[in-house]
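Have the model open while you read this.

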Amino acid sequence: MARTITVKGIGKASAKPDRVVLSMTLENLDKDYEAAMEMAGYHIKNLNNALIEIGFETGSIKTTNFNVRTDYDRVKDRQGNYQSVFRGYEVVHHLKVEFDFEMQRLSQTLSAIAACLSNPQLSIAFTVKDATAINEEMLRSATIN
């Protein structure tokens with residue numbers, strides 16, 4: 001019979017962020033599937049070009065999720081019954097771009113995205129390049145605890 005000893009501890013580690021991750025979402029809706037896909041392609045091309053103009057390499061933007069679905073409205077008819085009315089094909093493209101954290105670079109990137117005709121939804125995360133070092137420090141701290 002194998003015996004197991006479990007040890008629990010709380011570890012703490014901190015580090016200054018040295019990496020920025022910009023997550024973006026592009027959404028398009030059109031009744032025609034081909035038109036919806038064409039518009040999605042147009043938006044991604046605009047976004048890519050905006051970032052290339054400020055020094056990002058081609059292919060810097062990575063797709064994290066891509067989805068096409070049908071979209072419907074619920075409409076009440078004259079008899080009071082609800083019916084589904086086709087609105088179109090919704091194309092949702094989730095993207096991210098990562099780069100070293102420099103305030104000027106971040107400002108320049110946000111300005112380029114804001115000026116881009118694609119108008120993506122945007123969120124910013126600050127992280128560290130080497131998560132392994134932080135995890136090791138946390139394990140050392142937990143062991144001491």
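## A chain of salt bridges

Lys 96 pairs up with Glu 98 in a salt bridge, with the closest N and O atoms 3.0 Å apart. (A salt bridge here is a side-chain nitrogen of Lys or Arg within 4 Å of a carboxyl oxygen of Asp or Glu.) Lys 96 is partly exposed at 27% relative accessibility, and Glu 98 is partly exposed too, at 33%. Those labels follow simple cut-offs: buried means under 20% relative accessible area, exposed means over 50%, and partly exposed is in between, using a 1.4 Å probe and protein chains only. Before going on, keep in mind that this is a predicted model, where local features need pLDDT of at least 70, side-chain atom pairs count only at pLDDT 80 or more, and totals for chains, interfaces and linings use all residues. Residues are numbered from 1 along each chain as its sequence is written, and side-chain values use heavy atoms, with hydrogens and water left out.

Now look at Asp 100, which has two partners. With Arg 19 it makes a salt bridge of 2.9 Å, N to O. Arg 19 sits in strand 1 (residues 19-30) and Asp 100 in strand 3, so this pair ties together parts that are 81 residues apart in sequence. Helices (H or I, at least four residues) and strands (E, at least two) are DSSP runs, numbered from the N terminus. The other partner of Asp 100 is Lys 129, at 3.2 Å, N to O. Lys 129 lies in the loop between strand 4 (121-127) and helix 3 (131-144), so its pairing with Asp 100 in strand 3 joins parts 29 residues apart in sequence. Asp 100 is partly exposed at 33% relative accessibility, while Lys 129 is exposed at 53%. Put together, Arg 19, Lys 96, Glu 98, Asp 100 and Lys 129 are linked in a network of salt bridges. The count by this rule comes to eight salt bridges.

## Who sits around Arg 19 and Phe 99

Which residues does Arg 19 touch, leaving aside neighbours within four places in sequence? Its contacts (heavy atoms within 4.5 Å) are Glu 98, Phe 99, Asp 100, Phe 101, Ala 125, Phe 126, Thr 127, Val 128 and Lys 129. Thr 127 is 108 residues away from Arg 19 along the chain, yet their C-alpha atoms are separated by 5.1 Å.

Phe 99, one of those contacts, is found in strand 3. Is Phe 99 buried or exposed? It counts as buried, at 5% relative accessibility. Beyond residues up to four places away in sequence, Phe 99 touches Arg 19, Val 20, Leu 22, Phe 56, Arg 105, Leu 106 and Thr 109. Ser 60 is 39 residues from Phe 99 in sequence and 9.1 Å from it in space, C-alpha to C-alpha.

## A glycine with no exposure

Further back in strand 3 (residues 82-100) you'll find Gly 88. Gly 88 is buried, with 0% relative accessibility. Not counting residues up to four places away in sequence, it touches Leu 29, Asp 30, Lys 31, Arg 69, Thr 70 and Asp 71. Take Arg 69: it is 19 residues from Gly 88 in sequence, with 8.5 Å between the C-alpha atoms.

## Two surface patches

Met 39, Tyr 42 and Leu 117 make a nonpolar surface patch of about 330 Å². Patches are made of residues with over 30% relative accessible area and no salt bridge; like charges are joined within 9 Å, and nonpolar side chains (Val, Leu, Ile, Met, Phe, Trp, Tyr) within 5 Å. Areas come from the Shrake-Rupley method with a 1.4 Å probe, and for residues only the protein chains shown count as cover. Tyr 42 lies in helix 1 (residues 33-53) and is partly exposed, at 42%.

Asp 30, Asp 32, Glu 34 and Glu 38 form a negative surface patch. Lys and Arg count as positive and Asp and Glu as negative, while His and the chain ends are not counted. The charge is placed at NZ of Lys, CZ of Arg, CG of Asp or CD of Glu. Glu 38 is in helix 1 and is exposed, with a relative accessible area of 61%.

Asn 119 has a positive phi of about 50°, although it is not a glycine. Most residues other than glycine have a negative phi. You'll find Asn 119 in the loop between helix 2 (103-115) and strand 4, where it is exposed at 63% relative accessible area.
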